[in-house]
Every structure is written in C-alpha cells, then in structure tokens.
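Dear colleague,

Please find the structure below, followed by a short account of what was found in it.

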Amino acid sequence: MEKWNLVVDVAQCNNCANCTLASLDEHVGNDFPGYAAAQSKDAKPLIDIRRNVRGTDEHMDISYMPTMCNHCDRPRCAEGADGAVVKRADGIVLIDPYKAKGRRDLVGKCPHGAIQWNEEQQLPQIWIFDAHLLDAGWQEPRCQQACPTGAFRALKVSDEHMQALVREEKLEVSRADLGTAPRVYYKNLQRMNRRFIAGSVVTMNGGTQDCLPGCTVTLLLNGAQVARTLTDWFGDFKIDGLPDQSLSYTLVLEHAEHASVQMTVQTDTGGTSIDIVALIPAAIQAAA
Amino acid sequence: ADGTTRFTTNTNGGPLFVFVKDGRIVRTTPIDLDADDAPSWTLRARGRSFTPRRQATVSAHALSLKSLVYSERRLLYPMKRVDFDVNGERNIANRGISDYVRISWDEALDIVSAEIKRMKRQYGPGAMAIYQSSHHSWGNVGYYLSAMLRFGNLLGFTRVHPNPDSWEGWYWGAMHHFGNSLRVGSPGPYGIAEDCLKHAELLVYWSSDPEKTSGAYAGSEGTERRLWTRDLGIPTVHIDPVFNATAQLLGGKWIAPRPATDPALAQAIMYVWVQEDLYDKEYVRTRTTGFDEWRDYLLGTEDGIAKTPEWQEPETGVPAATVRALARLWGTRKTHLMPGGAGLGGAGRNATGGQWARCMIMMMAMQGWGKPGSNLGGMQIGTPLDFSFYFPGYADGGISGELNWTASALYNYTRMPHVLTANPVKQMIPRQRFPEAIVNGHCEGHLWDGMTLEAQFAPYSYPMAGYSKVHMLYRYGGSSFGTIARSGRFVEAYRHPSLEFVVNQSIWFEGEAKFADVILPACTSLERWDIGEWAGAGGYAHDSQAQLNHRMLVMQHKCIEPLGESKSDYQIFLDILSRMGLGAVFSEGCSDFDWCKRVFDSSDLPKKISWKKFLEKGYYVVPPPESEALHAPTYFRWYAEGRKKDAPEPSPLPSQYAEEFGMGLQTQSGKIEFVPESLKRNCPDSEERPPLNRYIPSWEGLQTKELVARFPLQMVSSHSRYSFHTHHDGKDGFLNAVAEHRVRVNGYPYWVINLNPEDARRRGISQHDLVRIYNDRGAVICVADLLPAVRPGVIKGYESSAEVEFIQTSKGMVDRGGCLNLLTSDRRMMKGTEAMATSCLVEVERWDEAGFAAA
Ligand SMILES: Nc1nc2c(c(=O)[nH]1)N[C@H]1C(S)=C(S)[C@@H](COP(=O)(O)OP(=O)(O)OC[C@H]3O[C@@H](n4cnc5c(=O)[nH]c(N)nc54)[C@H](O)[C@@H]3O)O[C@H]1N2
Ligand SMILES: Nc1nc2c(c(=O)[nH]1)N[C@H]1C(S)=C(S)[C@@H](COP(=O)(O)OP(=O)(O)OC[C@H]3O[C@@H](n4cnc5c(=O)[nH]c(N)nc54)[C@H](O)[C@@H]3O)O[C@H]1N2
Ligand code: SF4
Ligand code: SF4
Ligand SMILES: [Ca+2]
Ligand SMILES: [Ca+2]
Ligand SMILES: [Mo+4]
C-alpha cells in the first residue's frame with residue numbers, strides 16, 4: 001500500500017514564505033466540501049515556519065523549519081474525536097469540516113500544536129496535505145509546487161520504501177518523543193536541534209594580528225575526541241552537530257609554528273563562540 | 001477538473017497561473033513549464049552539468065496577489081472628500097483628516113477634467129503636475145511609462161522627476177570611473193553566471209541580499225543557481241551590517257561593518273593589495289588611468305594617513321586581521337563581486353554611497369575586471385538566454401509615443417508605429433524635493449538622464465522661467481510616506497493653500513490616497529488586459545531578463561471583471577481625455593486588448609506562435625541558444641582583452657568613444673579612470689564628491705557626536721523582503737501573516753524592526769513588544785523582533801510601508817503604519833547630486849501608550 005509522506009529539507013529553506021502563502025491562497029475564501037472549510041482572512045497560516053537562531057555573533061546561523069500537521073500514524077487528535085478526525089488509507093489525516101463543528105477541544109489534543117481554531121467557522125483546521133488536489137490528480141501539494149528551492153518532496157510510497165529512505169538520508173521527524181509517528185520527515189534537522197562551538201584564531205605577527213588558517217581544532221568530551229577540524233582562511237572554525245544539552249568540552253588548538261592552547265567550553269546555548277584566541281608563534285614563545 | 005479556468009498573469013515577482021471559477025479567483029500558482037515549452041539551457045562547469053528546474057519561480061509578493069485583489073481596502077467607487085467643494089470651500093487644510101463620500105464616475109470625471117481645463121486657462125502650462133511612483137503593476141500597456149505618459153503628454157504637465165533611487169551611488173559616483181551611463185552606472189549582465197560557475201574561486205556579496213531582492217522582478221530564479229555554488233563549495237563572503245537572508249541560506253564568512261563605513265573597509269583592502277603586490281599590474285597599466293594618484297592616497301603619501309586595516313578598524317568595527325585575510329584571499333583568487341547583485345545595494349543609498357560604489361569599480365579594476373572569473377554579479381545575472389529575440393521592456397515606452405523620456409526610440413516606436421506624443425512643459429520638480437517646491441515655492445534639482453556622464457552636473461530650477469507654478473497634483477499611486485526620505489514633509493505640502501486640487505488614481509485606499517480631494521479607483525492588473533515579458537524592464541536595465549532561467553513572454557489575461565466600479569487606468573485616462581476631445585488621439589481607436597495585440601505584432605512572437613495560441617496558452621518560452629558558441633560573450637571580456645566591444649547593448653553612443661568606435665569605455669580617456677576626468681572637470685573642489693575618492697565619514701554616522709548622544713542607534717532601512725516596496729504590503733493581505741513582515745499586536749498588524757537582543761535588554765524591550773523609534777524628524781511605532789542578525793548599535797527596518805496612520809499624542813505625531821522613511825534625512829547624499837541617503841540615527845524605546853495619551 002502506497003501512502004503519502006512529506007520530506008522537508010531544512011538546509012534548503014530560505015524562508016521565502018511561499019509555502020505559507022500558497023497554503024493561504026488555497027484555503028482562504030475557498031470551501032472544499034468534505035476536505036476543509038474556508039479559512040478566514042486573518043487566519044494563522046497552517047504552514048508555520050519556525051526560526052532557529054544559534055549563536056549571537058559572526059558565527060551565528062539562522063535556520064527555518066516549515067511545520068504543519070504531521071499526518072501522524074498515531075494521531076493524538078483522533079483520540080476521543082468521535083470520528084471527526086479521519087485517518088485515510090493513504091496516510092493523510094483530515095478533520096471533517098462537518099463533524100468537527102464546534103470541537104474546540106481538538107485544538108488542544110495535538111501535541112505538535114498543528115491545529116488552528118477557525119473562529120468564523122467554529123472549526124479546528126489543519127494543513128490537509130492538499131488532499132483535495134491530490135485526489136483530483138495533482139502530483140504534489142501546493143507548498144511543494146510553490147517552493148523555489150526544492151525543500152519539499154511529497155512521496156507516495158510504501159512504508160518500507162519510506163523507512164529505507166529515512167535511513168539512507170538520515171531523516172528525522174519533529175518530536176519523535178511524542179510517539180505520534182509523523183509522516184512528515186525532516187532532512188538536516190541538526191540545524192534546529194543540535195549545538196555548535198565556533199571560534200576564530202589569530203596569530204601575533206609583529207605588532208599586528210593575522211587570521212591563522214590551518215590550525216588544528218580538536219574537541220574532546222571526557223577525554224574522548226568528539227571532532228577534529230581545521231581553521232579556514234579567516235582562522236574560523238565551527239564544530240556542529242553537538243548534542244542539544246549543556247556539556248563541558250575541552251577544546252585544543254594546535255598549529256605547527258605556534259604554542260598550543262587548551263580550554264574548557266560549555267555548550268549552554270545552541271551556538272557557543274569562544275573569544276578570539278591569539279596563538280603565540282613558537283619562535284616568540286621560545287625567545288621569551 | 002474542478003471547474004476552474006486557467007488564466008495567466010505577470011507580476012513584479014514573476015508570472016502566475018490564475019484559476020478562476022464563476023468570476024472569482026480560486027487560486028494563483030507559479031507556472032511549471034510543460035513538455036511543449038522550449039528546452040532549458042545547460043551549463044557545463046567543473047566537470048558537471050547544470051540545468052535549472054523547469055519552473056518559473058515567484059516571490060512572496062506574487063503569491064499574495066489574490067488577497068490584494070479582494071482586499072477590503074480596495075477603492076471600489078469614485079470618492080470625494082466630504083468637505084471639498086470644487087465650486088466653493090475646498091478646506092485644503094483638512095487633507096489627510098476628513099472622510100470621503102461616494103460620488104458617481106460622471107461627477108468625478110467632470111470635476112477632474114474641469115480642473116485640468118481651469119489650470120490651463122487660469123495659470124497656463126505647467127500648473128498641473130503628474131506624480132507617479134517607480135514600480136507599477138506589470139504589463140507594457142498599463143504601465144505608467146506607457147498609458148499614463150501618453151495621457152500626460154496629451155495634456156502637458158510638470159514632471160515630478162525621480163532620482164535614480166535604485167542606483168544612487170552608481171549614477172552619481174561609480175559611473176564617472178567607467179561610463180555605462182545608459183545603465184545608470186551599473187555593469188551589464190551578459191555571460192556572468194556562466195563565467196562565475198566556470199571560473200570563480202571566491203564570491204563576495206557586498207551589501208547584497210539576492211535571496212531577498214531577487215535582483216529585481218526575478219522571483220527566486222537565482223536561488224537554485226546560488227545553491228549550485230554552495231554545493232560546489234566555492235568560498236563565500238557576505239559584507240553587510242545585517243546577517244541577511246542570502247548569508248543565512250548560503251553560509252560562509254559574515255563580515256559586518258557599521259552602516260555606511262564600507263568605503264573605509266574597501267580602501268583598506270586595496271591598501272593590502274598595493275602593499276603585498278596582490279593586484280593586476282598589467283591591467284592597471286594598460287586599462288586604467290590615475291592609479292598612481294590613488295595608490296599614493298592609499299599609502300598615505302598624499303595625506304599622511306596610510307589606509308591600513310588597522311586604520312579602518314575603529315571606523316568600521318571590522319577586525320584588521322579579518323580585512324587582511326579577505327584582501328589576501330581576494331587578491332589571490334578569481335573573484336566575483338556582488339555589490340547589491342551588480343550595481344544596486346543599500347550601501348549605495350547611504351551617506352557614503354557614492355564613495356562605496358566608486359570603490360567597487362576601482363577594486364574590479366585592480367583585479368582585472370573581465371578576465372575569466374573576475375567579474376560583477378555572481379549567479380544572479382547573465383544566464384545563457386537568447387537576447388536577439390525582440391520583445392519590448394516596460395521602460396521601452398509601451399503605447400506612450402514618447403521618444404525622449406522612455407527607451408521607445410530604441411526599437412519600440414519603429415516596431416509598433418503609433419501616434420507620437422510629447423510633453424511641451426519642460427518644467428520639472430525633483431521627486432525628493434516636491435514638498436519644498438510646493439511649500440517654499442521653489443527648489444533646485446539635478447538631472448537623472450542616462451544619456452551622458454555630464455547631464456547630472458547641470459542644475460535645474462523650479463519654477464522654470466515661462467511656466468506656471470504647480471496648483472494641481474495628479475497623483476498616481478500613493479507610496480511617498482513609505483519610500484521618500486523624511487516623508488513627513490508631504491503632510492505640509494498636501495495642506496498648502498497653493499495646491500488647489502489633488503486627484504489620486506489608486507487601486508487601494510492607502511498612503512497618500514487619503515490626502516486627495518477626489519479619488520479615482522483603478523482596478524488591479526487581473527481585471528484588465530495587458531502583455532509583458534517577465535523581468536523585461538528594458539531601458540536602463542537592458543536585457544534584465546538575464547536574471548531568469550527561462551525567458552517568458554506572458555499574456556496578462558483579464559481574469560475577472562473589475563471589482564465594484566473600479567476601471568482600468570487606461571479607461572480612466574480615456575474617459576478624462578474624451579471630455580477634452582482627445583479620446584481618439586489617445587486610443588487610436590484601440591481598447592487595451594487591441595493594444596496588447598499591437599505589442600504582440602511588434603515583437604518577434606508572431607514568428608513563433610499565433611496570437612490565438614498565445615492567448616490560449618498564456619505564455620511563450622523563448623528557446624535558449626542552441627550551442628555554447630552562441631551564448632552572449634562575457635561582459636567586459638572584450639575590454640580586458642583590448643578588443644572591440646562585443647556586448648549586445650546599445651551604449652556607449654557612437655560619439656562617446658574616445659577615439660575609435662567600439663574601442664574602450666565611455667569615459668574621457670576611454671579607460672577606467674581612478675580619478676575621473678568628468679569629476680575633475682565638473683567638481684574639482686567638491687568636498688563631498690572629490691575626484692580623488694577619499695574617505696569622508698557619513699554626515700549622520702557615529703562621528704556626528706552630538707547626534708549620537710541623543711540618537712545612538714544606526715538604522716539600516718533596506719528593501720522589504722516580502723512586499724515589493726509598498727506594493728502588496730498591508731491592506732489586510734496575506735503578507736500580514738508572515739511574522740517577519742508584520743506582527744499583530746492587539747489586532748493591529750505592525751511593521752517589524754530588528755533589534756539586537758543586547759540593545760533591547762538595555763531598554764527593557766522584549767520580543768514583539770511595541771516600540772517607538774524616533775529622532776528629530778519623527779516617530780514610528782513598530783513591533784520589535786529581537787535578533788542578533790544586527791550588531792549592538794544597529795537596527796534594521798525596511799523602508800516602504802504602504803500604511804501610514806498618524807496618531808496625535810500629547811508629545812506630537814506618531815505613525816503606527818510603519819513608515820520608517822519619516823525618520824530618514826532629506827539631505828542629499830553629496831552636494832551637487834539629487835541622491836537620497838537612507839541610513840540615519842535613531843533611538844528606540846518601549847511604546848508607552850499611556851504616557852503618550854492625547855491630553
Ligand atoms: N529608506 C529607504 N528608502 C528607499 C529605499 C531604501 O533602500 N531605503 N529604496 C528606494 C528605491 S530603490 C525605490 S525603487 C523606491 C520605490 O519607491 P516607490 O516607487 O515610491 O514605491 P512603490 O511601492 O514601488 O510605489 C508603487 C505605487 O504604485 C501603485 N500602483 C502599482 N500598480 C498600479 C496600477 O496598476 N495602477 C495605479 N493607479 N497605481 C499602481 C502602488 O499602489 C504604489 O502606491 O524607494 C526608495 N526609497
Ligand atoms: N522583495 C523585494 N525585492 C526587491 C525590492 C523590494 O522592494 N522587495 N525592490 C527592488 C528594487 S526597486 C531595487 S532598487 C532592488 C534593491 O536591491 P538592493 O539595493 O540590493 O537592496 P537593499 O535591501 O537596499 O540592500 C541590500 C543589502 O544591503 C545592506 N546594506 C544596507 N546598508 C549597508 C551598508 O552601509 N553597508 C553594507 N555593506 N551593506 C548595507 C542591507 O542590509 C541589505 O541586506 O531590489 C529589488 N527587489
Ligand atoms: S517555500 Fe520552500 S524555501 Fe520557501 S519558506 Fe517554504 S520551504 Fe522554505
Ligand atoms: S500533527 Fe497533530 S493534528 Fe496532525 S495528525 Fe498529528 S496529532 Fe493530529
Ligand atoms: Ca513542480
Ligand atoms: Ca569567525
Ligand atoms: Mo529601486
């Protein structure tokens with residue numbers, strides 16, 4: 001049985017908002033009986049782009065994660081919904097716009113926060129995967145059609161096929177811990193849920209400073225090496241993909257012509273930058 | 001399948017399919033190319049092949065179009081200010097205050113045409129000014145440079161002359177070093193993307209955010225190409241006080257100078273190149289003049305100050321070590337420089353904008369501009385399209401019949417013979433000085449005229465001898481509060497007794513529309529016929545389609561009937577002129593649909609597709625050249641190689657070559673001039689625009705100490721990401737739902753200002769608090785977005801709010817619409833120019849509503 005899944009690549013998203021707007025364009029003022037009632041003009045978008053800022057200085061990065069109903073295989077929203085929430089055989093979850101009338105309680109049932117309350121219609125609403133269009137022959141939902149970077153891939157495949165893809169491309173779901181078994185998968189989610197350590201290394205060159213490229217940066221946790229990298233032309237390094245928790249690392253900076261430096265770095269936030277490190281040239285060190 | 005009919009349209013953010021059912025727009029989508037459309041090009045570089053996906057990508061503002069068509073703010077019938085009596089008391093002082101009443105089209109048109117006649121009768125030529133904004137809804141027939149200009153010429157009008165706001169630093173500065181006046185001092189597009197993909201080893205985005213601006217009009221076409229460079233791992237640098245959208249997507253090194261200090265940074269880079277022999281000496285010797293003088297300035301021989309990386313550090317805030325590393329990297333690698341793409345950039349619209357743009361050209365000259373991999377523009381422009389296929393751009397005059405103020409004479413007029421028109425009124429008012437012209441009764445301006453390097457030096461005055469002063473304003477659109485420097489000046493101008501009549505022709509009840517006596521409701525482009533090429537600007541942006549992956553000519557269907565009593569601009573003009581006996585001269589018997597057919601017939605389209613088929617399908621994709629050998633040659637390669645010019649652009653004019661036709665540039669020497677002859681001749685002693693491009697700190701920067709003491713924050717006011725200037729902003733449109741565009745607080749959608757969390761904490765401001773941003777010029781309420789994307793001391797807001805809503809408080813007027821240009825300075829960037837300079841000093845505090853309650 002082939003079912004719908006959506007893969008979203010966080011590293012491709014430039015926050016252009018086309019997916020959000022396409023979803024508003026599709027649903028504001030348009031009734032699709034059996035699928036969804038019209039969204040109101042001031043509706044909160046059903047595709048919501050989450051912003052994640054890591055770090056506070058030049059090493060910072062900002063990433064965007066389009067979020068929407070996950071079309072979960074264990075949809076918490078369906079529990080006690082008295083048939084107002086429909087899980088289709090093709091994986092898509094719909095909130096029946098007729099049966100769900102007045103069911104404000106459904107909004108709170110979704111642990112992902114994916115349900116919006118439509119005050120005008122007295123209806124809970126989700127992003128419906130554009131099921132009305134797929135059923136009419138569209139090959140992709142509107143967000144994908146409108147996305148200029150190819151961040152979305154809607155796939156109608158067997159669950160086995162999908163799981164193989166998950167392994168192959170290291171896909172993750174949002175909040176796996178909630179146990180709802182989402183059908184929306186993310187690629188490169190580490191930009192949302194991992195931490196980094198970054199810094200810049202300079203060398204003393206007479207009275208002036210110069211960026212130091214090619215400096216070996218080693219990161220250790222409890223004495224074991226976690227990562228090793230080199231500084232670039234600007235003497236910069238960035239070690240990404242660290243666990244999303246506050247840990248105390250040891251950072252070692254080594255360069256053939258300089259005295260090494262070692263320090264402790266704590267990852268209290270998404271992005272931690274160390275102050276600019278000035279390595280002393282070995283020749284000067286020796287002379288001193 | 002669902003009962004909808006598929007139409008096509010074109011916007012400032014790309015073409016769209018428009019699906020209509022029962023006379024209502026159901027949806028709008030980007031256009032996916034189909035198998036019948038021409039093939040896509042392929043570029044081969046670094047052992048790989050690159051082909052763009054077969055879609056016409058669009059910008060956010062395009063996808064918000066439906067909401068704008070059905071906006072509650074649409075003007076649906078003609079209106080008159082309640083206390084305006086054309087035959088009695090006009091209550092001019094109540095403009096912007098009083099309400100409006102509905103009137104009939106007959107009454108509205110009678111008033112307007114009678115006032116136009118009265119102006120001529122009572123005051124003589126020039127008494128009516130026509131004032132439009134820069135960016136119209138897309139289409140060659142309806143564009144202001146088309147129908148509106150034809151209308152104006154048939155009546156005679158005082159021109160409200162725009163400054164080259166997009167290109168200020170380039171037009172008033174950079175142009176003098178290398179020419180290209182017909183491109184307003186910016187470089188051309190040919191072959192750039194291909195050169196970048198094949199050869200570039202370093203990409204420098206300087207004041208450049210193409211993920212936001214899309215160059216201009218180009219949807220997200222450059223995004224895919226930029227991602228190719230990311231995948232190839234080409235090192236990338238972003239120089240911008242803001243960690244902008246392009247830096248966010250592509251990564252790389254972010255260098256954040258303080259706003260408007262960039263020339264110091266640029267000079268320090270050039271200093272390192274000189275010191276360490278990292279420049280192209282042969283190129284400098286054979287292709288440039290004046291380098292010795294420039295080198296001496298850099299080294300400090302001339303003024304005793306060496307322009308070292310350490311010298312610039314306290315000014316720009318960029319560590320000297322970073323500058324040296326950048327200079328070395330740049331000096332040893334083939335580099336594509338993207339100053340605002342190529343020839344734009346907010347840095348060119350600041351107090352030091354002229355200096356900055358001049359530095360960009362000098363840097364290119366030092367790095368062998370035109371040699372493989374050394375060019376301007378990166379991946380945003382210069383795709384391998386077929387530029388020989390003719391279709392007029394919007395600046396090519398459309399149906400105007402105007403040969404002097406459009407590029408019509410180039411091809412359009414001969415391709416589509418139509419009745420010529422001309423404006424006999426030579427009087428002009430510079431757009432930035434309009435308020436002074438009305439309030440003081442006089443002002444001075446400097447010409448924007450792309451024909452020469454010299455036209456800009458001749459000042460012109462208002463009033464012009466022989467003509468009447470302005471007593472009537474025909475305002476077309478209403479963006480001034482959002483987009484003109486220190487725009488609060490317009491309030492007084494609108495209420496000045498000498499301005500006896502103001503008519504506003506607009507689609508929405510926004511901005512300045514509320515300052516008119518009579519309002520004429522125009523319909524959107526989806527409610528009338530038009531035709532146009534996507535991103536085909538023509539004129540000063542000749543072959544600007546070179547930003548696209550596919551050239552697309554689009555039939556802009558009349559998708560639905562005009563809402564309410566609104567009418568096409570064309571019909572409104574025709575109705576007015578008909579009351580003056582000029583209907584037939586204006587229309588030549590044609591409806592807007594007939595004009596579309598004439599434009600179609602004038603182009604190369606009929607050779608490829610029938611009118612019927614074009615109407616049916618809605619668009620045509622121009623096939624790219626069949627082989628690489630047929631690609632347009634890379635821009636400036638001819639110059640680097642000392643050959644005759646081979647770029648397919650119509651400039652310089654034959655007379656503008658120094659010696660032999662086709663050899664060299666438009667400058668006096670025919671070479672890139674480090675110390676331009678045109679400046680030496682025309683402003684040798686200028687302190688603000690000296691021929692030698694010395695560093696002059698901003699007149700409203702951190703060195704203006706007493707101002708800084710009161711207004712310590714530098715505000716960057718760049719272009720809005722999600723709207724196209726004022727167009728598509730506000731008006732209850734979909735963009736109100738985009739959290740980085742507007743945020744609702746107590747139901748009202750406020751404009752967003754980006755503040756560093758540290759600055760916010762010191763002021764007790766939390767995320768999404770309302771804040772008052774102010775200086776001596778005004779005050780605006782915005783919502784604060786706390787984001788380290790700007791350094792402490794810098795705040796970023798966008799210009800171009802469409803909404804203006806002045807509230808009277810106990811401490812003066814405050815705008816809650818979000819018009820940050822109420823705070824910018826109207827001082828000219830440099831004396832002797834008409835350039836706007838938009839970064840300014842401000843202070844921010846939490847909006848204390850109670851403390852400001854009206855007494
Ligand atoms: N602080 C600051 N200020 C700036 C800039 C900056 O960087 N910083 N940038 C400058 C630049 S580069 C530019 S280009 C200007 C742009 O400034 P403007 O040209 O003033 O702004 P637009 O929003 O393009 O104005 C378009 C107007 O035309 C109207 N309009 C559109 N289509 C139609 C139509 O079909 N019929 C009618 N009747 N009206 C129509 C719209 O409603 C709107 O009022 O802003 C400049 N101002
Ligand atoms: N979405 C959208 N696209 C547009 C437009 C729009 O309104 N909206 N307008 C179109 C038009 S008319 C034009 S002219 C172009 C304009 O295109 P640009 O001129 O390139 O756009 P800006 O946003 O003004 O400036 C680009 C970048 O310069 C940075 N900047 C500002 N001041 C400085 C400075 O002092 N130094 C440095 N290094 N950087 C600085 C800003 O932070 C911004 O990221 O865009 C076009 N495209
Ligand atoms: S359309 Fe694509 S790139 Fe744009 S915001 Fe959505 S996911 Fe991101
Ligand atoms: S995301 Fe929420 S609303 Fe959607 S299926 Fe899962 S539980 Fe239900
Ligand atoms: Ca597609
Ligand atoms: Ca760094
Ligand atoms: Mo512009």
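Cys782(B) has 0% relative accessibility and so counts as buried (buried means under 20% relative accessible area, exposed over 50%, partly exposed in between, with a 1.4 Å probe and protein chains only). This is a predicted model, in which local features need pLDDT of at least 70 and side-chain atom pairs count only at pLDDT 80 or more, while totals for chains, interfaces and linings use all residues. Residues are numbered from 1 along each chain as its sequence is written, chains are lettered from A and ligands numbered from 1 in the order in which they are written, and side-chain values use heavy atoms, with hydrogens and water left out.

Across all chains, the search of the whole structure gives zero disulfides (pairs of cysteine sulfur atoms within 2.5 Å). For Cys782(B), the nearest cysteine sulfur is that of Cys819(B), 9.3 Å away.

Strands are DSSP runs (E, at least two residues), numbered from the N terminus, and two of them pair if DSSP finds at least two bridges between them. E25 (residues 551-556) pairs with E26(B) over four antiparallel bridges, and Leu553(B) has Tyr620(B) in E26(B) as its bridge partner.

Yours sincerely
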